[in-house]
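This report is for a reader meeting the structure for the first time.

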Amino acid sequence: MKKQLKACLISIIFSVFCIFGAFAQSEQNQAYKLYSKGQYAKAIQHCKEVLGSDDKNMDYYIVLCQSLVANHQYREAEYWATQALEQNRYEHHIIESLAEARFFLGNNNSALSLFQEYISLVGVNASRIGNAYYYMGEIYIRKAAYNHADIALTAAIRYEPLNDQWWVRLGYAREMAKNYSESAKAYENALKINPSQIDAQRGKERTSQYL
């Protein structure tokens, strides 16, 4: 009888954990679904509600920070990302979100360091690595380090070769470095992808006078 009772209790406890786990997964999926649909304000509210009672749930910190960045709430994204990293210093999703937030806040040195850390953590196959290289390129342009910008933007384009805007920025970096022939090629590649790309048209016109 005791064995049967013990087995019954174990079964009930197991069932409760399964139900709780399924519920938690469902809640997490709900937050991510809102983010994926571009409903950032709702995703932010949902994540904050969950974190209000479970402030160690890294999955919700990730969706919250990504939603805040996507919703242009960069200062708040910086705050929540900092809170999350106090619990898990090497969570690469959070590091990437913090890097983006600080990029848009104009904190170039910190953003650059964070993007470099993100790349070192995730390797070459992460979904956001192209974006990380792109933002690094933009930071180097801000710093007038145009050869470094060339390297970073070239790396970004390897991941998204059909991104005409990134080709334009690569062309600009090369133009500023007075590498006019390679700059013209970058602008031409942008125009092959998007013939109506105005910045590429203007860049090609500017560089043509040096060739």
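## A residue in helix 2

Val 50 sits in helix 2. The model is a predicted one. Is Val 50 buried or exposed? Val 50 has a relative accessible area of 15%. Buried means under 20%, so Val 50 is buried.

Val 50 can also be placed against Tyr 61. The two are eleven residues apart along the chain. Their C-alpha atoms are separated by 9.7 Å. Val 50 is listed on the helix 2 side of a contact with helix 3, and Tyr 61 is listed on the helix 3 side.

## Helix 2 against helix 3

Helix 2 covers residues 40-53, and helix 3 covers residues 58-70. Their axes lie 9 Å apart. The packing angle is about 150 degrees. Angles over 145 degrees count as roughly antiparallel, so helix 2 and helix 3 are roughly antiparallel to each other. Their crossing is left-handed.

Which residues meet here? Helix 2 brings Tyr 40, Ala 43, Ile 44, His 46, Cys 47, Lys 48, Val 50 and Leu 51. Helix 3 brings Tyr 60, Tyr 61, Val 63, Leu 64, Ser 67, Leu 68 and Ala 70. By class, the residues of this contact are twelve nonpolar, two polar and one charged.

## Loop residues

Gln 39 lies in the loop between helix 1 (2-36) and helix 2. Its relative accessible area is 31%. Buried residues fall under 20% and exposed ones over 50%, so Gln 39 is partly exposed. Gln 39 and Ser 67 are 28 residues apart along the chain. Their C-alpha atoms are separated by 8.5 Å.

Most residues other than glycine have a negative phi. His 72 has a phi near 65 degrees, a positive value in a residue other than glycine. His 72 lies in the loop between helix 3 and helix 4 (74-85). With a relative accessible area of 58%, His 72 is exposed. Lys 178 has a positive phi too, near 65 degrees. Lys 178 is in the loop between helix 9 (164-176) and helix 10 (180-193). Its relative accessibility is 61%, so Lys 178 counts as exposed.

## Helix 7 and its contacts

Helix 7 spans residues 129-142, and helix 8 spans residues 146-159. Their axes come within 8 Å. How do the two helices run relative to each other? They cross at roughly 160 degrees. Helix 7 and helix 8 are therefore roughly antiparallel to each other. The crossing is left-handed. From helix 7, the contact takes in Ile 129, Gly 130, Tyr 133, Tyr 134, Met 136, Gly 137, Tyr 140 and Ile 141. From helix 8, the contact takes in Tyr 146, His 148, Ala 149, Ala 152, Leu 153, Ala 155, Ala 156 and Tyr 159. The residues of this contact divide into 13 nonpolar, three polar and no charged.

Helix 7 also packs with helix 5, which covers residues 92-104. The axes of helix 5 and helix 7 are 11 Å apart, and the angle is about 30 degrees. That makes helix 5 roughly parallel to helix 7. Helix 5 passes helix 7 in a left-handed crossing. On the helix 5 side are Glu 100, Phe 103 and Phe 104. They meet Tyr 135, Glu 138, Ile 139 and Arg 142 in helix 7. What is the make-up of this contact? Its residues are four nonpolar, no polar and three charged.

## The whole chain

What elements does the chain have? The chain has eleven helices and zero strands. Read from the N terminus, the order is α-α-α-α-α-α-α-α-α-α-α.

The chain holds 211 residues, and 42% of them are buried. Take the contacts between residues at least 6 apart in sequence. Of these, 47% join residues at least 24 apart.

Technical notes
Residues numbered from 1 in each chain as written. Predicted model: local features only at pLDDT ≥ 70, side-chain atom pairs only at ≥ 80, totals over all residues. Heavy atoms only, no water. Axes fitted to C-alpha atoms, helices over the stretch in contact; angles between N-to-C directions. Helix = DSSP H or I, 4+ residues; strand = E, 2+ residues; numbered from the N terminus. Parallel < 35°, antiparallel > 145°, perpendicular 65-115°, else oblique. Left-handed = near helix turned anticlockwise from the far one by under 90°. Contact = heavy atoms within 4.5 Å. Nonpolar A, V, L, I, M, F, W, Y, C, P; charged D, E, K, R; others polar. Buried < 20%, exposed > 50% of the residue type's maximum accessible area, 1.4 Å probe, protein only.
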